[in-house]
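Subject: Structure for you to look at

Hello,

Here is the structure I said I would pass on. Please open it first and keep it beside you while you read the notes below.

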Amino acid sequence: MSARGKHGSEGDFVTDTTVESRLDAARAVLHDIFGFESFRPLQEAVIRCVLSGRDAFVLMPTGGGKSLCFQAPALVLDGMTVVVSPLIALMKDQVDALTTLGVAATYINSSLAAADIQRRQQAVARGEIKLLYVAPERFAAPRFGQLLKHTGVSMFAIDEAHCISEWGHDFRPEYRELRHLRAEFPGTTISAFTATATERVQIDIRQQLGLLDATTFQASFNRPNLFYEVRPKKRAFDQILEYVDAHKDSSGIIYCGSRASTDDIAARLRAEGYHAASYHAGLEGDERWRVQEAFVRDDVRIIVATIAFGMGIDKPDVRFVIHHDLPKNLEGYYQESGRAGRDGDPADCILFYSYADVARQQYFIDQKPTPELRAASQQQMRDMSGWAEERACRRVALLSYLGEEFSGQDPPCCDNCRSPAELFDFTIQAQKFLSCVKRTGERFGSAYVIDVLLGSQSERIVRIGHNRLSTYGIGRDHPKHVWQYLARELIKRGYAIQDAERFNVVRITELGNAVLFNGARVVLASAPEPSGRRGSRRVDQVDAEYPELFEILRQTRKRLADERGVPPYVIFPDSTLRIMASTLPYDVRSLRAISGVGERRVEDFGGEFLREVRRYVESTGATPVERQLASRPAARQRPAGLGATIRHTIALFRDGLSIEDIAAERNLSPTTVDEHLAQAISYGEPIDVNRLVPPDRYARIVAAISACGDESLRSIMDELGAGFNYSELKFVRAAERIARAGIAHDARGM
């Protein structure tokens, strides 16, 4: 290993050997504190960069694990890490989660009383804090900067970094104070994190924060667990009620365009018996805090919030996000819909769409003070409405807007993919519409033209005399929603244009003239039905072997969380409870083997959950997985706990695909594929472990297990030293346990 060095964030000379040592320490932190076996590939690359003292610019979608990119290094580096966030609720949630894990973390923002701020600043000055979360306006106070210089900062992590750019969708003027960090802390690493940013915004972030030499890391923007659906806005509340009736145990967010709408919908949901609350800027600060706390603690299941008022809530188990009104742009929609399914489990994103919403947005666009702002907002609205009207794959369109090509995934990812539209020859209908545009003098909007086609007897049409046109009433063979769809498609595809400067008057283009006079054809997807109800997924169905136990464990988690004043997911996420409800861990060793269970959680909560599992086993006669394996008479018998997604991974592995190939094929992370294969081995599936762990490394791991036992992966890793990873240890441990249990096949081969 070379001795090539780098200038570090702590002012020292960081060698490659030091970086590798720090990275090993970060892996230990990940396992012991956070309860995970290995970093995701991009996480490890970012952490390596930070630990070597280099600046980083990270684009990682919501739910992609960006918090670990600064939390893990913070616990390895000397000094304190400062995390800047504009989201008060989010920083509180993250600090709650960290302190529950035994991490010295705190936050300072405007929600605290002056005495509380003073006490926390004193703790910072004494060097007692490893992670300090602050709001950006804090940097406007010179004394705060002096406090940080006195204490020593190892890294600044700028979260929601797009807020520093006035070209971003959520510009915050107070973020501009962060421009001075580079000059005031010249030897300190600065890392910027955002879930999405256009190229123009990325350039602005780099310039504003002085990150011109920062290493860029960009994860895929794709959120494969999210299902996108657009419904026509007909009796929207009835549709919302129908949806939540089918998902009674799920948490969700409903976004509205006005405060009045949020209050109205929340009140109507409460009248139907749902725990719902509204959340908007018109509420007093204490009331907003109370609503947020109730939501993250599962006392309120549904939040109805204004689109303009962002909700920085670190709640991973939001199962649906519904937009009652149209967002202003696709970036905002991506961010807001991305608050669903942060835990990686399936979640629904439903948007109600009507052309009236577009017209309403157009009114506000027309009030913009300059032609440049009007043009930019107009383009954003066209992009947003075009996506809502899209009849092909919505995921392809969304990722394309964000500059990414979609590589595909297994299940249908949107309503259009689930129910593909048939192609239809709209040439005659297009000729009727375009002819009516021309005969009315290209002086009216599409709504008026459609009224003429449908033979409306409105006062305006009769007064102007358009009831005597040859095109009057020739569109009665199709309902209004079909003509509205056709008008939007013809404009979107360039057969006609809307003149935004002249009240959206429709004019025919050369392409449209070719349809009218030269025989050009117009083939489009069939018009969607106005109801738009094509059956949403059941995102709240529990994929656990014993669903009754899952509910018992959720109740136990809620009780423990209430006792400690923290959100339930801080105790254990749903995914961990599902594994418990499938494998039935009956001792500390089997509990430690579950992903997401760290040593601190075992120590604080393990006894409570093991007690509930044992009670369930004793009352029902259910058999824990490891006992099923030990008593199994033949190799071909399998417990029922392996789901379809793991069996799909097994099949691809047996077909010869590598872990990386499977991850790419299924749009999963390699870590998830590792977890699938480790579970398959532990269930006695014939897996060729030689493909996963070379024989010489397998032998060394077995020797380490013999020396220190197999209960603690950390102890095995310490026995081995550097150069191994936790996935290898899990593969070998599972294979050796299977061998000791007397399974007929050789777990190390086929």
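I begin with two helices. The axes of helix 17 (residues 427–439) and helix 18 (residues 446–453) come within 10 Å and cross at roughly 110°. Axes here are lines fitted to C-alpha atoms, for helices over the stretch in contact, and angles run from 0 to 180 degrees between N-to-C directions. Helix 17 is therefore roughly perpendicular to helix 18, a label for angles of 65 to 115 degrees, where under 35 is roughly parallel, over 145 roughly antiparallel and the rest oblique. From helix 17, Lys 432, Phe 433, Cys 436 and Val 437 meet Ser 446, Val 449, Ile 450, Val 452 and Leu 453 of helix 18; contact means heavy atoms within 4.5 Å. Helices (H or I, at least four residues) and strands (E, at least two) are DSSP runs, numbered from the N terminus.

Some background before going on. This is a predicted model, in which local features need pLDDT of at least 70 and side-chain atom pairs count only at pLDDT 80 or more, while totals for chains, interfaces and linings use all residues. Residues are numbered from 1 along each chain as its sequence is written, and side-chain values use heavy atoms, with hydrogens and water left out.

Next, the sheets. Strands of a sheet pair through backbone hydrogen bonds, either parallel or antiparallel. Two strands count as paired if DSSP finds at least two bridges between them.

Strand 7 (residues 153–158) and strand 8 (residues 189–194) run parallel and are joined by 4 bridges; Ala 157 has Ser 191 in strand 8 as its bridge partner.

Strand 12 pairs with strand 13 in the parallel sense over 4 bridges, and Ala 276 stands opposite Ile 302 in strand 13.

Now the aromatic rings. Rings of Phe, Tyr and Trp (its six-membered ring) pair if their centres lie within 6.5 Å; planes under 30 degrees apart count as stacked, over 60 as edge-to-face and the rest as tilted. By this rule the count comes to 13 aromatic pairs. One of them is Phe 156 with Phe 185, edge-to-face, at 4.9 Å centre to centre and 70° between the planes. Phe 156 is in strand 7 and Phe 185 in the loop between helix 7 (181–184) and strand 8, 29 residues apart. Phe 156 is buried, with a relative accessible area of 0%, and Phe 185 is buried at 7%. (Buried means under 20% relative accessible area, exposed over 50%, partly exposed in between, with a 1.4 Å probe and protein chains only.) Phe 139, Phe 144, Phe 156 and Phe 185 form one aromatic cluster.

Lys 149 lies over the face of Phe 185, 5.8 Å from the ring centre. The charged end of Arg 691 sits over the ring of Phe 653, 3.8 Å from its centre. The rule for both is that NZ of Lys or CZ of Arg is within 6 Å of the ring centre and within 35 degrees of the ring normal.

A few single residues remain. Asp 298 is not a glycine but has a positive phi of about 70°; Asp 298 is in the loop between helix 11 (285–296) and strand 13 (302–306). Leu 584, also a residue other than glycine, has a positive phi near 55°.

Which residue is 500 residues from Leu 101 in sequence and 7.0 Å from it in space, C-alpha to C-alpha? That residue is Arg 601. Leu 101 is in the loop between helix 4 (88–100) and strand 5, and is buried with a relative accessible area of 7%.

Regards
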